[in-house]
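Here is a brief report on one protein model.

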Amino acid sequence: MKLHEYQSKTIFAKYGIPIPKGRVAATAVEAKHIAEELGGRVVIKSQVLVGGRGKAGGIKVAKSAAEAEGLAQQILAMEIKGLPVRKVLVDEAAAIEHEIYFAITNDRAAKKPVMIASAEGGMDIEEVAATKPEKIIKVHIDPLLGLRDYQARDIAASIDLPRDHWREFSKIAAGLWQAYLETDATLAEINPLVITKDKRLAALDGKMMIDDNALFRHSDLNEMRDIDEEAPAETEARKFGLSYIKLDGNIGCMVNGAGLAMTSMDIVKLFGGEPANFLDIGGGAGSDKVAAAMKIILSDSNVKAVLFNIFGGITRCDEVARGILVAMDEVKPKVPMVVRLVGTNAEEGRKLLENAKMITAETLADAAQKAVQAAK
Ligand code: GDP
Ligand code: MN
């Protein structure tokens with residue numbers, strides 16, 4: 001789950017990381033009031049869950065409350081990378097001397113968290129990473145020992161941070177590590193961490209991603225989820241406990257098991273098709289879950305054929321077949337459907353589907369080829 005900038009910075013502040021004063025607003029008038037409270041000079045920041053807002057014109061500095069109102073109005077009318085702006089953060093504007101990149105994320109290859117920093121932070125960090133990788137400093141953190149103070153100082157030295165700021169930087173690093181650890185984050189990023197003209201450090205931007213698998217133990221964070229920002233199908237899928245990710249292809253895939261889902265997608269590609277989604281209905285799915293999954297797949301207008309690949313183990317094939325029939329009754333799908341059922345109660349499942357005008361297949365390869373053909 002991605003958190004908005006204002007949410008991430010609120011968490012940072014709890015861990016002692018300095019952030020500018022500010023509040024979030026949903027209307028231009030509200031933004032004006034906040035700007036008045038903050039003394040007029042503010043920055044108006046679109047709150048959408050994508051990067052590169054600055055370059056898209058979604059971050060603007062205002063010199064007065066009146067100007068803040070006008071800019072908020074403009075930004076609230078924007079769409080950034082397809083996402084409508086529903087809220088703006090109104091922050092006290094900072095006088096920036098220098099922008100640093102500073103983050104912690106998981107390094108899967110190293111099986112450890114890694115702290116990443118660069119003296120060349122700001123909006124061009126991707127460019128820096130691509131053209132001057134030596135400017136990106138990485139220090140791994142031992143998950144059992146935690147971040148050591150010398151590691152923070154090593155980073156400060158490597159990014160040529162003036163010594164006056166080392167003590168404060170170490171505190172920010174420790175705070176970021178604690179925030180990352182205690183929220184079960186997969187990313188905690190400050191870009192930019194700035195040195196201000198009056199020689200203080202401040203986190204001007206914040207981005208956090210929380211591991212969805214850990215949300216059950218963070219009810220407070222779970223409440224921060226912004227449903228408006230999610231694809232409706234993904235919200236619906238979560239409600240039924242389905243793992244669903246929409247993709248760009250035209251073959252809807254309904255599979256039980258993440259590994260089997262990946263394999264099915266690969267085989268579809270092997271035969272020249274493109275999957276429209278990843279969908280794992282999970283083990284032991286009953287007919288209601290199957291019906292929900294089918295409705296989600298069919299709500300995608302790109303879908304030109306559906307491939308069911310069900311390996312009956314704990315999940316019973318007849319239950320899946322019943323779910324398919326329930327959903328077909330409700331949605332009356334017009335696209336061809338290819339089904340491959342093997343394993344527990346496969347025979348019963350096939351019998352149930354006999355009258356449903358579905359294309360049947362014996363093997364996954366056969367099913368994938370038939371689905372690709374049917375989608376043409
Ligand atoms: P992003 O483009 O989505 O990463 O949004 P950021 O919050 O990082 O803002 C983009 C850029 O706007 C920063 O790199 C800064 O250069 C600038 N910016 C953000 N806040 C302020 C501020 O308070 N004062 C000034 N002068 N510039 C700011
Ligand atoms: Mn940024």
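An open sheet is built from 4 strands in the order β2-β7-β3-β4, with antiparallel pairing. Strands pair if DSSP finds at least two bridges between them. Helices (H or I, at least four residues) and strands (E, at least two) are DSSP runs, numbered from the N terminus. The edge strands, β2 (22–25) and β4 (59–62), each pair on one side only. β3 (residues 42–46) and β7 (residues 88–92) run antiparallel and are joined by 5 bridges. Val42 has Glu92 in β7 as its bridge partner.

This is a predicted model: local features need pLDDT of at least 70, side-chain atom pairs count only at pLDDT 80 or more, and totals for chains, interfaces and linings use all residues. Residues are numbered from 1 along each chain as its sequence is written, chains are lettered from A and ligands numbered from 1 in the order written, and side-chain values use heavy atoms, without hydrogens and water.

The protein is divided into three stretches by an automatic or database domain assignment:

| Domain | Residues |
|---|---|
| domain 1 | 21–92 |
| domain 2 | 96–222 |
| domain 3 | 232–375 |

The C-alpha centres of domain 1 and domain 3 lie 44 Å apart.

The manganese ion (ligand 2) has Asn191 (O) and Asp205 (OD) as protein donors, 2.2 Å from it. Donors are N, O and S atoms within 2.8 Å of the metal (3.2 Å for Na, K and Ca); water is not among the atoms, so sites may look incomplete. Asn191 lies in strand β11 (residues 185–196), and Asp205 in the loop between β12 (201–203) and β13 (207–210), 14 residues apart. Asn191 counts as buried because its relative accessibility is 11%. Asp205 is also buried, at 17% relative accessible area. Buried means under 20% relative accessible area, exposed over 50%, partly exposed in between (1.4 Å probe, protein chains only).
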